[in-house]
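Work through the exercises below with the sequence and the 3D view open. Try each task before you read its solution.

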Amino acid sequence: MKAYDYIDSILKAPLEKIEGIKIGTSVEGQTIEGFRFGKGNKNISLIAGNHADEPIGPLLLKKLVSYFSSLSENHPLFEKFSWWIVPHTNPDGEKQNLKWYHYTDSKTDLDQYLLHVQRELPGRDLEFGYPIEGKIPALRPENTTVYEFWKTANAPFSLHASLHGMKSSYGAWFLIDEDWIERTQQLRQKCKAKTKELGYNLYDLDRSGEKGFSRIDEGFCTRPDGGKMREHFLNIGDTKTATQFHASSMESIRSLGGDCLTLVSEMPLFIFPKKERKLVWPDTYLNQWSDQFTQWKTDLISGTVSADALKIDMESKGVYAMPWEDQMKLQWQLIASGLETI
């Protein structure tokens, strides 16, 4: 079987508490768990929750851990690969955001999301808080915890995926390590095909390298970079924000040696209509939709609109919640394609 073929079994895995390894504690003293599976010669890192308002990555990894726990030690996925999995790197942020979702949900409720979502800003952002030994310190104890967990491999990693999401877009977006662009043509083809098979568009924008985002292909960009983030804010005179960006998890794990393929998934909680347009940055069409979600939130908080009226307006504008199962399928397709690539 190809790696993607396990997706139905993964999605069916029960959401039960699987005891992992206590690898550290959060700022608020909550346990951070890691999981180790397999005995293969290729080390795989999967993490989620760096942005705690993006629950689908953690959900997939919780299900993956549940599924892996049911397998024999001689399973093909364990013979070829050794897995280091942290389903949620930020249990404090998870606790705050559980006000608007449950892991048993099938899609996101817009009014609950807008009323209760909490996003950590630069200076608290876990994705850009990782260390590079001797060069960049960790931002938070959670970052140190994950970094030290990786170091227990005592060898470089072959693949690292940090699972993320977006509030809204008109399709799926995939981010790829710049050093692997020429080696990921097949990966891109498979992710494109699965996206279209499930009935979705690919999200396309061209930021021309801003913050490390360079367009590779429709639906594909290079993944962000801490150094590029710092450079961007220094260029606009915002020294304070620049200093709050450390290394991303992708940069940090590559600093441990080898030539690790690093990937980021970006699946939208809400999908708005696609519009053909010239790709420029800033993108006025995307900004219009960002403003629309901000206005909906303002109206909800002020009581100008009810939850029912919001849903009617949302539907009239062609906006809908992307099913969580489809988001997980596309995240697993990215991981599975990465496994085939390495």
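## Exercise 1: the largest pocket

The largest pocket has a lining of 43 residues, and E54, R119, M166, K167 and R207 lie nearest its centre. This is a predicted model: local features need pLDDT of at least 70, side-chain atom pairs count only at pLDDT 80 or more, and totals for chains, interfaces and linings use all residues. Residues are numbered from 1 along each chain as its sequence is written, and side-chain values use heavy atoms, with hydrogens and water left out.

Task: find which helix gives the most to the lining of the largest pocket.

Solution. 
1. A pocket is an open set of points on a 1 Å grid over the protein atoms alone, where a 1.4 Å probe fits, with protein on both sides within 12 Å along at least five of seven lines; lining residues have an atom within 4 Å of a point.
2. List the suppliers. Those with at least two lining residues each include α5 (110-116), β5 (159-169), α8 (226-235) and α11 (284-302). Helices (H or I, at least four residues) and strands (E, at least two) are DSSP runs, numbered from the N terminus.
3. Pick the top one. α11 gives the most, with seven residues.

## Exercise 2: helix α13

Task: check the span of α13 against its 18 residues, and say how many of them are buried.

Solution. 
1. The expected span is 1.5 Å times one less than the number of residues.
2. For α13 (residues 324-341) that gives 26 Å, and the end C-alpha atoms are 26 Å apart, so the two agree.
3. Buried means under 20% relative accessible area, exposed over 50%, partly exposed in between (1.4 Å probe, protein chains only). In α13, 15 of the 18 residues are buried.

## Exercise 3: cysteines

Solution. 
1. A disulfide is a pair of cysteine sulfur atoms within 2.5 Å.
2. The structure holds zero disulfides. C221 is buried, at 1% relative accessibility. C260 is buried too, at 0%.
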